[in-house]
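Q: I am new to this structure and would like to learn how to read it. Could we go through it together, one feature at a time?

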Amino acid sequence: MGKKVVVDKKWCKGCGICVAFCPKKVLGLVDGKIEIERPEDCIKCGQCELRCPDYAIYLEEGTENE
Ligand code: SF4
Ligand code: SF4
């Protein structure tokens with residue numbers, strides 16, 4: 001089991017909301033798109049998924065982020 005956080009960059013408009021709400025500072029903006037900069041720190045809380053207005057970031061069932 002386990003989930004990993006995934007970004008669909010074609011939907012990301014770079015608003016930075018997910019960066020602001022991530023309690024573990026996993027996410028960062030690079031050239032106006034989200035990068036999962038510290039996947040090892042992700043606690044799978046779902047805040048990014050919840051707050052993204054464009055459904056561009058979400059937790060996906062599957063292998064853990066490395
Ligand atoms: S699930 Fe939580 S800890 Fe992981 S990237 Fe999203 S907001 Fe950050
Ligand atoms: S909240 Fe969504 S649209 Fe905004 S920067 Fe994050 S992933 Fe991109």
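A: Gladly! Of the 66 residues in the protein chain, 30% count as buried, where buried means under 20% relative accessible area, exposed over 50% and partly exposed in between, with a 1.4 Å probe and protein chains only. This is a predicted model, in which local features need pLDDT of at least 70 and side-chain atom pairs count only at pLDDT 80 or more, while totals for chains, interfaces and linings use all residues. Residues are numbered from 1 along each chain as its sequence is written, chains are lettered from A and ligands numbered from 1 in the order in which they are written, and side-chain values use heavy atoms, leaving out hydrogens and water.

Q: How many helices and strands does the protein chain have?

A: Helices (H or I, at least four residues) and strands (E, at least two) are DSSP runs, numbered from the N terminus. Here there are two helices and four strands, arranged along the sequence as β-α-β-β-α-β. The radius of gyration of the protein chain is 11 Å, close to the 11 Å that the globule rule gives for 66 residues, so the chain is as compact as a globular protein of that length. That radius is taken over C-alpha atoms, and the rule is 2.2 Å times the number of residues to the power 0.38.

Q: How many cavities of 30 Å³ or more are found in the whole structure?

A: Rolling a probe the size of a water molecule over the atoms shows where empty space is left. On a 1 Å grid over the protein atoms alone, a cavity is a set of points where a 1.4 Å probe fits but cannot get out, and lining residues have an atom within 4 Å of a point. Points are joined across faces, edges and corners, and a volume is the space filled by probe spheres set on them. The search finds two cavities of 30 Å³ or more. The largest holds about 100 Å³, and its 14 lining residues include Cys22, Val26, Cys42, Cys45 and Cys48, which lie nearest its centre.

Q: Which residues are closest to ligand 2?

A: A residue is near a molecule if one of its heavy atoms lies within 4 Å of it. Of the 13 residues surrounding ligand 2, the closest are Cys12, Cys15, Gly16, Cys18 and Cys52.

Methods: On a 1 Å grid over the protein atoms alone, a cavity is a set of points where a 1.4 Å probe fits but cannot get out, and a pocket is an open set with protein on both sides within 12 Å along at least five of seven lines; lining residues have an atom within 4 Å of a point.
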